Amino acid sequence: MVSLTRRRVPPAFRLPPVANEAAASAARRTVAAAASRELWLALHLPNVILESLRPAAAPQAEAASVAVVDLEHDGKVVCACDETAAAAGVTPGMALNSALALLPGLQTLPRNPLREHALLDAVAQLGIRFTPRVSLEPPDAVLLEVRGSLRLFGGARALCEQVREQLQASGITGVLALTPTPLASLWFARAGQQVALRRVDQLASRLAPLPLVVTRWPERSVQLLVTMGVRNLGGCQRLPRDGFSRRFEPRLLAMLDRASGRVPDPRVAFRARERFVARRDLEPELADTQRLEDASLPLLDELCTFLRLRGRGVQTVEWRFVHRHAPDTQLRLRFVEPVGAAQRIAHVFHERLARLELPEPVRAVRLASGPLVELPQPATELFVADRRESGSAVPQLVERLRARLGAEAVHGLCLVPEHRPESAWRARYRWSDPPVTASPKPTDPAAGTLRPLWLLAEPQSLSGGAQPRYQGTLELEEGPECIESGWWDGKDIARDYYIARNPAGVRLWVFRERPRKGRVAGGWFLHGVFG
Amino acid sequence: MPLDDLLRQHPALWRAREQGGAGSAPPGLPTGFAALDRCLPGGGWPQQGLVEILTDRHGIGELSLLMPALATLCRGAEVPGSTGGWLAWVAPPYQPYAPALSAAGIDVRRVLVVRASLPAEWAMEQALRSEACSAVLGWANPSDLTVLRRLQLAAEQARCLAVLFRPAKAGEHPSPAVLRIELQGSPAGLQARIVKSRGGRPVCVQLGHLGAPWQAGPQPLQRAQFARS
């Protein structure tokens, strides 16, 4: 039942008297005008529990009637049932024993929330054909913003017909409602009213007769409202706003306002999640990694075609080699940046596969992509002089080195503004290309002082007592430079640094612990080499 | 036409006493040390082919010798239209210290450190072949001449500064490198002996104390003391 009414109905919902009524009404008008730019189509799926289990129930669906039991109550309460069971008197909420007494041949299935969510996901995927703005409303509804799609699909009526056809083709029961606000659409759909409303100012009056159940407010609040004599939304709207918000949660009043278009109702957009999964059975089982690689590469080509068609890339790829007895061998490839080229993935795959030990011959290969991500598309130049300028070859180099040497073996450097020499730098393992334009340098506390090009991982104790020796007696050239810092993180140091030279001409950075309370001046340590 | 001019026109002939001139050698990357530049064909580090630095000790100034050239390569990155890229350090003996590199004029964000345990030559060759780096420094001592030839070939094609640090003993054995310099430290300063130079001749250069050549003059020591209150 679709009714497009253009009759103006005086709003039944009045704001409480406020000091500046004119300003309030002006604000109301602007909000109303803004909200009417949207049209939300709610798809309520009343039989989602049953329909999500249909493939499992299908073989005997005609033979026996089906009831789904809830896991929360030890599987003793019916939470959904099909039509034949309902005709026999089984209702949701009934104890399973009573249902079985009514219908001895009742087939029971456990509820599966994961499959319900998957069904909802499938409906959202279906909705994406009609509009890019799709939002999930778990557990049993999907919202589509269709204002911008009306002209393309030939108006609201035609669009609703097409959505309904799509749902029927997938074997999903759906109740559709179209209003300017998402919440109102949802409530109408839950109430089973297939309405189509285009005007915001009609919303409040049309919502008024809806029962309170559609809001899915907490049981206690609904009970309290019923004892107050409020049985529908109109009753709620007539209650004084401040009292209503004080007595119940403020959330409820906000929901009422959102439903009637008084305040905006932003929604989280649904994003289609896509993965690539493919499998190839190997007819003679393969034990040789070289032949296995040749046999796996067609899958990689498939993946890259899949990525290219979507203009996307992946950062992780998972190979799985299936054996006859042994558990599957997994090979996970990670890339420092999103990739979409087969050659690049193949390079890393080759390196990793060469080092892989297979417990048994491989029967089948399975390739699964990680989440698809945006592929950076660098602007191509007509006259590319050098790949070095763009730095585009660096991530590839890093991947190739890491594939063979391990992820820890390759790193970059970054400066840390710190006085302690060992804390003044950090290895950079996460990859992101530095901006080409030079960013302002972090303030360097050691500016103006000499630092060695090599630093030892750990200060090395020097022999020789007061006259330190390192391949010969050291001669102190410059110093001391006192560095005393770090008391706040437990790694405090108090050292006098000197630049020293040994007879071979090696310049060294040495230090001596400063005498502090409770400690005497320590021995000499080597901390760096000037190179 | 005088004989001298005729000889000069012939591309296959070079004169031993005209080193560092505009001979057949391609222009090199200035080392930052005039005395050394004069002795090198092309007037600087060769940018095609492998450079071998032979030294037994770390810390006599072998790295300071390269710093001006590396800083030039890094500055090239800021100028649009020039080759400027990453510096790869393959299997360094110690940790390259970022603050000192930064003080020497090197962009530490474009430094790549590879801690290769065994196949350092392989990692170095990969870095050269990737065309991603404008300088590749490696610390390894490949005993196999084929490995050295592969490195030399990769360095020849990569058009970047490729430096291999080897122990001084390796100088006794032949190498396909374009330039081999043996460094010796002494209290008087650094001494560089050019063992082999394609298009040049063996010569010995006194470089003195390299210290920190990127610094204009002696810097007053600053006291950075943060006593706990």
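The paragraphs below go through a predicted model, from its confidence scores to selected sheets, helices and loops.

Residues are numbered from 1 along each chain as its sequence is written, and chains are lettered from A, with ligands numbered from 1, in the order in which they are written. Because the model is predicted, local features need pLDDT of at least 70 and side-chain atom pairs count only at pLDDT 80 or more, while totals for chains, interfaces and linings use all residues.

The model scores ipTM 0.79 and pTM 0.58. The average pLDDT (the predictor's confidence in each residue, from 0 to 100) is 80 for chain A, where 84% of the residues score at least 70. Within chain A, residues 30-35 have a pLDDT below 50, and this stretch has 11 contacts in the model beyond near neighbours in sequence; two residues are in contact if their C-beta atoms, placed from the backbone, lie within 7 Å. Residues 435-440 of chain A also stay under 50, with 1 contact beyond four places in sequence. Chain B averages a pLDDT of 78, and 81% of the residues score at least 70. Its residues 19-23 fall below 50 and have 14 contacts beyond near neighbours in sequence. Residues 78-83 of chain B stay under 50 as well, with 8 contacts beyond four places in sequence. Where pLDDT is low, the predicted coordinates should not be read in detail.

In chain A, 4 strands form an open sheet in the order 5-6-1-7, with antiparallel pairing. Helices (H or I, at least four residues) and strands (E, at least two) are DSSP runs, numbered from the N terminus, and two strands pair if DSSP finds at least two bridges between them. The edge strands are strand 5 (134-137) and strand 7 (175-179) of chain A, each pairing on one side only. From one strand to the next, the twist averages 20°. Strand 5 of chain A is joined to strand 6 (residues 141-145) of chain A by 4 bridges, and A:Ser135 has A:Leu143 in strand 6 as its bridge partner. Helix 6 (residues 113-127) of chain A packs on this sheet and touches strand 1 (40-44), strand 5 and strand 6 of chain A; its direction makes about 15° with that of strand 6. Angles run from 0 to 180 degrees between N-to-C directions, and axes are lines fitted to C-alpha atoms, for helices over the stretch in contact. Helix 9 (residues 182-190) of chain A also packs on the sheet, touching strands 1, 5, 6 and 7 of chain A, and its direction makes about 145° with that of strand 7.

The loop between strand 5 and strand 6 of chain A holds A:Pro139. The peptide bond from A:Pro138 to A:Pro139 is cis, with omega near 5°.

Further along chain A, helix 15 (residues 289-310) and helix 16 (residues 342-354) pack at an angle of about 150°, with their axes 10 Å apart. The two helices of chain A are therefore roughly antiparallel, a term for angles over 145 degrees. Among the residues that meet are A:Leu292, A:Leu297 and A:Leu300 in helix 15 and A:Ile345, A:His350 and A:Leu353 in helix 16.

Strand 9 (residues 312-323) and strand 10 (residues 329-339) of chain A run antiparallel and are joined by 7 bridges. Strand 9 and strand 10 of chain A form a hairpin with 5 residues between them.

How values were computed
Parallel < 35°, antiparallel > 145°, perpendicular 65-115°, else oblique.
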